[in-house]
Amino acid sequence: MQKLSEAAVKQINEICDRHVNDKTPLMMILSDIQKEYGYVPIDVQELVSERTGISVAEIYGVVTFYSFFSLKPKGKYIIGCCLGTACYVKGAQRIIDEFCEILGIEPGETTEDGMFTIDALRCIGACGIAPAVTINGTVYPKMQVNQVQEVINEYRKKG
Ligand code: FES
């Protein structure tokens with residue numbers, strides 16, 4: 001969302017108006033924007049602030065606190081590497097390092113071609129199959145370092 005188009009401004013205003021009477025309007029507004037655009041950049045936060053009267057500082061605080069929201073666009077495939085305790089003791093750090101090394105990005109970043117984002121996650125409730133990795137909701141159980149390249153290739157082939 002470089003410069004907000006007229007259509008985007010209209011849609012974001014509509015989202016704000018839709019939730020004006022909700023109990024937690026800000027969460028609802030930001031969730032809808034995240035779902036619609038995939039991220040919530042600063043210029044959008046300013047627009048939400050103007051429309052709702054909620055300060056940009058408060059909006060920014062919410063967007064940066066919850067990992068569900070993103071300030072930057074995410075990749076087509078979001079690789080979530082669990083670094084919770086159970087996964088960590090089973091070598092999750094080496095798994096995420098391997099993803100980072102192969103893709104040339106750090107956790108929280110997206111590849112230049114927009115294909116992959118790597119997220120470091122806390123426990124995702126799959127400790128029994130640690131170390132666990134998720135890619136767009138598909139869970140990869142007991143992930144091994146030597147499987148990482150293969151998994152990336154799989155998604156590259158899909159395009
Ligand atoms: S610690 Fe990774 S799933 Fe629980």
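Begin at the N terminus and follow the chain, whose elements run α-α-α-α-β-α-α-β-β-β-α, where helices are DSSP runs of H or I with at least four residues and strands are runs of E with at least two, numbered from the N terminus. This is a predicted model, in which local features need pLDDT of at least 70, side-chain atom pairs count only at pLDDT 80 or more, and totals for chains, interfaces and linings use all residues. Residues are numbered from 1 along each chain as its sequence is written.

With the whole chain selected, you have seven helices and four strands, and a C-alpha trace that spans about 50 × 30 × 20 Å along its principal axes.

Next, select Ile79, Cys81, Ile95, Phe99, Ile118, Ala132 and Val133, which have the most contacts inside the largest nonpolar core, a set of 18 residues. Such a core consists of buried Ala, Val, Leu, Ile, Met, Phe, Trp, Tyr and Cys residues joined through C-beta atoms within 7 Å, and a residue is buried if 20 or more other C-beta atoms lie within 10 Å of its own, exposed if 12 or fewer, and partly exposed in between, with C-beta atoms placed from the backbone. Strand 1 (77-82), helix 6 (92-103) and strand 2 (116-121) each supply at least two residues of this core, and helix 6 gives the largest share, five residues.

Now centre on Ile79: leaving aside neighbours within four places in sequence, Ile79 is in contact (C-beta atoms, placed from the backbone, within 7 Å) with Phe99, Phe116, Thr117, Ile118, Asp119, Val133 and Ile135.

Finally, select Cys16, Ile29, Leu30 and Val48, which are among the 11 residues of a second, separate core.

Terms used:
Contact = placed C-beta atoms within 7 Å.
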